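Subject: Structure handover and findings

Dear colleague,

I am passing on the structure we spoke about, together with the sequence. Please open it below first, and then read the notes that follow alongside it.

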Amino acid sequence: MSKKVTQTVEELVIPILSDLQMELVDVEYVKEGKDWFLRVFIDSDKGVDIEDCGTVSEKLSEKLDEIDPIPYNYFLEVSSPGAERPLKKESDFHKAIGKQVYVKTYEPIEGTKIFEGELSSFDGNTVIITVTVKTRKKTIEIPYEKVASARLAVTFH
């Protein structure tokens with residue numbers, strides 16, 4: 001049910017975002033306590049502000065009201081993914097090259113499942129991260145199919 005809702009919402013919101021020169025980052029449909037939440041994360045090259053979120057929310061609400069794909073009452077939230085934006089698609093990885101990332105794998109690679117460092121490259125098959133271990137830089141190659149989750153990482157110097 002959750003998968004069908006997110007797919008339907010993606011189909012409805014992508015043309016809206018395209019018209020506004022924005023992109024879809026992610027859609028979540030989750031139950032928290034007794035309430036259902038439909039969360040739509042959007043972004044653009046110039047960033048996203050509260051007015052952008054309001055515009056998308058209004059246009060998406062109209063479409064959702066027309067076809068009524070969700071049988072329960074829910075809260076619609078439209079927002080930017082924030083500084084720690086998830087990396088979901090291959091294009092997200094390509095855009096993140098040269099940035100700090102946090103990657104979690106399905107199984108250990110070199111004895112660990114969590115990596116944080118600079119995304120050095122991505123060729124569609126392998127994620128290459130440069131991590132700092134004590135004072136040394138080390139390159140880690142992670143097969144893309146072994147990435148469980150990934151996001152941009154905020155670092156403080």
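In what follows, a residue is called buried when its relative accessible area is under 20%, exposed when it is over 50%, and partly exposed in between. Please keep in mind throughout that this is a predicted model.

By that scale E107, which sits in strand β4 (residues 100-109), is partly exposed, because its relative accessible area is 38%. Its side chain makes a polar contact with the side chain of K146, at 3.1 Å, and although E107 and K146 are 39 residues apart along the chain, their C-alpha atoms are separated by 7.0 Å. Leaving out residues up to four places away in sequence, E107 touches T112, K113 and K146.

Turning to the chain as a whole, its secondary structure comes to three helices and eight strands, and from the N terminus on the elements follow the order α-β-β-α-β-α-β-β-β-β-β. The C-alpha trace spans about 55 × 30 × 30 Å along its principal axes, and buried residues make up 37% of the 157 residues. Of the contacts with a separation of 6 or more, 52% are between residues 24 or more positions apart.

As for the interior, nonpolar side chains tend to be buried together in soluble globular proteins. Here the largest nonpolar core has 20 residues, of which V9, L38, V40, I42 and L60 touch the most other members. The elements that give two or more residues to this core are α1, β1, β2 (35-43) and α2 (50-67), and the largest share, six residues, comes from α1. L60 is in contact with V9, L12, V13, I16, V40 and L76, once its neighbours within four places in sequence are left aside. Apart from this core lies another, of 17 residues, among them V103, F115, V147 and L152.

R85 is found in the loop between β3 (74-79) and α3 (90-95), and R85 counts as buried because its relative accessibility is 8%, which is under the 20% limit. The side chain of R85 makes a polar contact with the side chain of D43, at 2.8 Å, and, not counting residues up to four places away in sequence, R85 touches E23, V25, D43, D92, R151 and L152. G117, placed in strand β5 (residues 112-122), is also buried, since its relative accessibility is 5%. With the same exclusion of residues up to four places away in sequence, G117 touches K99, Q100, V101, I129, T130 and V131, while G117 and T132, 15 residues apart in sequence, lie 7.0 Å apart in space from C-alpha to C-alpha.

Finally, there is the question of which residues line the largest pocket. They are S2, K3, T6, Q7, E10, L24, V25, D26, V27, K88 and K89, and they divide into three nonpolar, three polar and five charged. Both α1 (2-19) and β1 (23-32) supply at least two residues of this lining, with α1 giving the most, five residues. About 240 Å³ of space lies in this pocket.

With best wishes

Conventions
Residues numbered from 1 in each chain as written. Predicted model: local features only at pLDDT ≥ 70, side-chain atom pairs only at ≥ 80, totals over all residues. Heavy atoms only, no water. Helix = DSSP H or I, 4+ residues; strand = E, 2+ residues; numbered from the N terminus. Buried < 20%, exposed > 50% of the residue type's maximum accessible area, 1.4 Å probe, protein only. Polar contact = N/O pair within 3.5 Å; in protein donor to acceptor, adjacent residues only side chain to side chain. Contact = heavy atoms within 4.5 Å. 1 Å grid on protein atoms, 1.4 Å probe; cavity = no way out; pocket = protein on both sides within 12 Å on 5 of 7 lines; lining within 4 Å. Points joined across faces, edges and corners; volume = space filled by probe spheres on them. Nonpolar A, V, L, I, M, F, W, Y, C, P; charged D, E, K, R; others polar. Core = buried A, V, L, I, M, F, W, Y, C linked by side-chain atoms within 4.5 Å.
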